[in-house]
Amino acid sequence: MTSHPREELLRLRAQTEAQAVALESDLRSLFEASRSSNADDEHDPEGSTIAFERAQLTAVLDATRRRLAELDVALRRVDDGSYGVCEGCGRPIPAERLAARPAARTCVTCASRR
């Protein structure tokens, strides 16, 4: 992470938001394609593939939305001065952890207790 966490978090948020938009578009296209098809998911050999792809895209989109929410919380923590401070013990979160998980709210010790 750069010395300016807000800038890095904003960059990550914009990147993650773009991923969410692309995933939403892909999912919408998949739903539209399956609607216009006569495929019977239960009896069509391709149906299980379409159902799997739909489930996979939905799961990835959900994870991307959760990451957006985590980044929003991290940005609020930057604004209120609590970014980089462990919510569990109140000690600083090591820079290495923040570099790996910019939205981390706890140090490794507190995170491992969960």
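1. A residue counts as buried when its relative accessible area is under 20%, and as exposed when that area is over 50%; anything in between is partly exposed. Keep those cut-offs in mind. This is a predicted model. Its protein chain has 114 residues, and 28% of them count as buried.

2. Start with the overall layout. The protein chain holds four helices and zero strands. Read from the N terminus, the order of elements is α-α-α-α. Take the contacts between residues at least 6 apart in sequence: 52% of them join residues at least 24 apart.

3. Glu17 lies in helix 1. The C-alpha atom of Glu17 is 8.0 Å from that of Thr64, although 47 residues separate the two along the chain. Is Glu17 buried or partly exposed? Glu17 is partly exposed, because its relative accessible area is 38%, which falls between the 20% and 50% cut-offs.

4. Ala63 belongs to helix 2. Ala63 has a relative accessible area of 34%, so Ala63 is partly exposed.

5. Ala51 also sits in helix 2. Ala51 and Ser34 are 17 residues apart along the chain, and their C-alpha atoms are separated by 9.3 Å. Ala51 counts as partly exposed because its relative accessibility is 29%.

6. Next, the nonpolar interior. In soluble globular proteins, nonpolar side chains tend to be buried together. The largest nonpolar core here has 13 residues. Which of them have the most contacts inside the core? They are Leu9, Leu71, Ala74, Tyr83, Cys86 and Leu98. Helix 1 (5–35) and helix 2 each supply at least two residues of this core. Helix 2 gives the most, with three residues.

7. Cys86 deserves a look of its own. Cys86 is among the residues with the most contacts inside the largest core. Set aside its neighbours within four places in sequence. Cys86 is then in contact with Arg91, Ile93, Arg105, Thr106, Cys107 and Cys110. Two cysteines are on that list, Cys107 and Cys110, and the next points follow them.

8. How many disulfides does the structure hold? It holds zero. A disulfide is a covalent bond between the sulfur atoms of two cysteines. The cut-off is 2.5 Å between the sulfur atoms. Cys110 is in no disulfide either; its nearest cysteine sulfur belongs to Cys86, 3.6 Å away.

9. Are these two cysteines buried or exposed? Cys107 is buried, because its relative accessible area is 9%. Cys110 counts as buried because its relative accessibility is 7%. Both values are under the 20% cut-off.

10. Where is Cys107? Cys107 sits in the loop between helix 3 and helix 4 (108–113). Not counting residues up to four places away in sequence, Cys107 touches Cys86, Cys89, Ile93, Pro94 and Arg97. The C-alpha atoms of Cys107 and Arg91 are 7.8 Å apart, with the two residues 16 apart along the chain.

11. Last, the largest pocket. Its volume is about 260 Å³. The lining has 13 residues, and those nearest the centre are Glu70, Arg101, Ala103, Ala104 and Arg105. Helix 2 (45–80) and helix 3 (95–100) are the elements that give two or more residues to the lining. What is the make-up of the lining? It divides into five nonpolar, one polar and seven charged residues.

Conventions
Residues numbered from 1 in each chain as written. Predicted model: local features only at pLDDT ≥ 70, side-chain atom pairs only at ≥ 80, totals over all residues. Heavy atoms only, no water. 1 Å grid on protein atoms, 1.4 Å probe; cavity = no way out; pocket = protein on both sides within 12 Å on 5 of 7 lines; lining within 4 Å. Points joined across faces, edges and corners; volume = space filled by probe spheres on them. Nonpolar A, V, L, I, M, F, W, Y, C, P; charged D, E, K, R; others polar. Core = buried A, V, L, I, M, F, W, Y, C linked by side-chain atoms within 4.5 Å. Buried < 20%, exposed > 50% of the residue type's maximum accessible area, 1.4 Å probe, protein only. Contact = heavy atoms within 4.5 Å.
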